Amino acid sequence: FVPSSTHISQSSFAVRRAAHAPTCLAPSTTQQRRAAVVPRMMFDQLTEKMAGIGEMLQGKKKITAASVERALGEVKRALLDADVNLKVTNGLIESVRNQAVGKLLIEGVTPDQQFVKIMYDELVKVMGSQQAPLARSTKEGEPVVILLAGLQGAGKTTAAAKLAKFCQERGAGVAPAEEPQPEMKEGEVWTPPQREGPPGKVLLVAGDVYRPAAIEQLQRLGERIGAEVFAPGRDVDPVDIARGGVQYARDGGFDAVIVDTAGRQVIDEKLMDELVKVKGACEPDEVLLVVDAMTGQEAATLTAAFNERVGITGAILTKLDGDSRGGSALSVQGVSGRPIKFVGVGERIDDLEPFYPDRMASRILGMGDIVSFVEKAQKQVSEAEMAQLSQKMMDATFDFNDFLEQSKVVRNMGSMANVAKMIPGMAGKLSQQQMDDAEDRAERADLFISLMLPEERTNPDLLIRDAAALQRQRRIAKAAQVRPQDVAAFISDFQTMRTMMSRMSKRMAPGGDMGGAPGGGAPGPGGPPSEEDMLAMGNRQQRRRAAKTGKKPAGPSKGFGAK
Ligand SMILES: Nc1nc2c(ncn2[C@@H]2O[C@H](COP(=O)(O)OP(=O)(O)OP(=O)(O)O)[C@@H](O)[C@H]2O)c(=O)[nH]1
């Protein structure tokens, strides 16, 4: 299993369905995608500019004051354009300047690399340096109490359910008090361990009695994740609801209790007072402000205001998938002194991630984020499945069902844009058009496979070598309303990919010339195959094909399923 290359190749290899499939889902999918294009581009702009700044110092022998000033001018513009708070921006620039100017070059490190490293360290620092873990209960044997606050529509109710699911799965914050939180050294990251045994018992408390549908929304979400919801109703005082909810959780042996509260349109004194009282009544271990990333640096100002008025322990930054200009992520800690603990990256219940300053800095600098990419991939595919899959790759028995399964994994990881952002070197490299095309091509590949007979899916040779292979391909093309060549191209590229995967897996397996690590066929110490390896393999194939047919090898391949 090779997460990056396999997934990306499948996505980019797949074919446009929207144009052909008679489905009413296509327009809304496209609309949603378009809606997300503009804001997402804003974050990409920051990444693009950052990449350009490193290039400004390329070829220089040492970092001079003049070159640093020029680069810093660009950094400042990029940060302000991304709506980063002015004070935070100035602090960051000053710090980078102090470190960069006159810095002696480390042997083997170019000035641009050194500058980028300084920038990276400063970005990480500005965002709080380390991942701030969810609090644990301070009272032995009692549930951890988490209070959520925020403005209307920030995503508070959704965040409550997402957090409940996170606590059920990870057991974060629900460990017994006698188990001390590990001491973390500078730069070390603590990730809550995956919970063993039954899921954590989490209670959701419906304390938003003002928005008519808030209680029902929480009940629906609770039902979906199998978490009990404490909801005495809209006529009860929110302070009593919070107190009663926490007591109910204590009596019922819950591991965590999450209290949802009423949203505010603006900072409203009356509701703020009520929040202070709710806090007093439920004595939370954690008070998290849910803020919307779309509001840029406003999210940071709001966090500071709530902290001053109510006292909070951190923030959940939502909708980072929609507008990740960076302004909010980069400003919250610096302006409010409170860390971002989680980020919301989509509307689905699983779309909540702990916030890692280092990974975010990598993304901003366009260095990609292989760590969270692999983590996400691992969550989707169990180790046993990975071992089975890599065996299939080695034996070249990877079939169309496996292909579909893999496509599903990629989809579950998010949009093509999100996946691409996490791969080093890919961030900012693909245009929106290219990503849309890749997603559409993947959908069309799925369509072709859905039109195959079960025996064709498990035995691709029926579509490749069988006497009736051409007839079978034509049948699929007709049903999909595409040209037979389109199906033929897809199948031929599938076969090429299968052969390539088999060779690659063998090379990476223990004893192979790329010396893979034991188990699962994951890339070994030699790392994943290089681009040259991939090309060499493609060329070898072309040469072999050319030798067979007596024709000269064609130019560079246009890719799987390309028209
Ligand atoms: N794209 C995206 N949408 C989100 C995210 N979090 C929440 N939303 C959406 O934002 C909208 C508002 O979310 P709610 O959870 O209802 O907001 P709320 O803060 O509870 O609203 P009030 O109760 O009015 O204060 C919903 O449509 C959610 O699906 C996220 O991380 N990404």
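Biologist: Which residues of α7 are buried?

Modeller: A residue is buried if 20 or more other C-beta atoms lie within 10 Å of its own, exposed if 12 or fewer, and partly exposed in between, with C-beta atoms placed from the backbone. In α7, the buried residues are Ala 214, Ile 215, Leu 218, Leu 221 and Gly 222. They cover an arc of only 130° around the axis (taken from the directions from the helix axis to the C-beta atoms), which puts them on the same side of α7. This is a predicted model, in which local features need pLDDT of at least 70 and side-chain atom pairs count only at pLDDT 80 or more, while totals for chains, interfaces and linings use all residues. Residues are numbered from 1 along each chain as its sequence is written.

Biologist: Which exposed residues does the face turned away from the buried side of α7 carry?

Modeller: That face carries Glu 216, Glu 223 and Arg 224.

Biologist: What covers the buried residues of α7?

Modeller: Contact requires C-beta atoms, placed from the backbone, within 7 Å. The cover includes the helix α6 (156-170) and the strands β2 (202-207), β3 (228-230) and β4 (256-261). Helices (H or I, at least four residues) and strands (E, at least two) are DSSP runs, numbered from the N terminus.

Methods: Contact = placed C-beta atoms within 7 Å.
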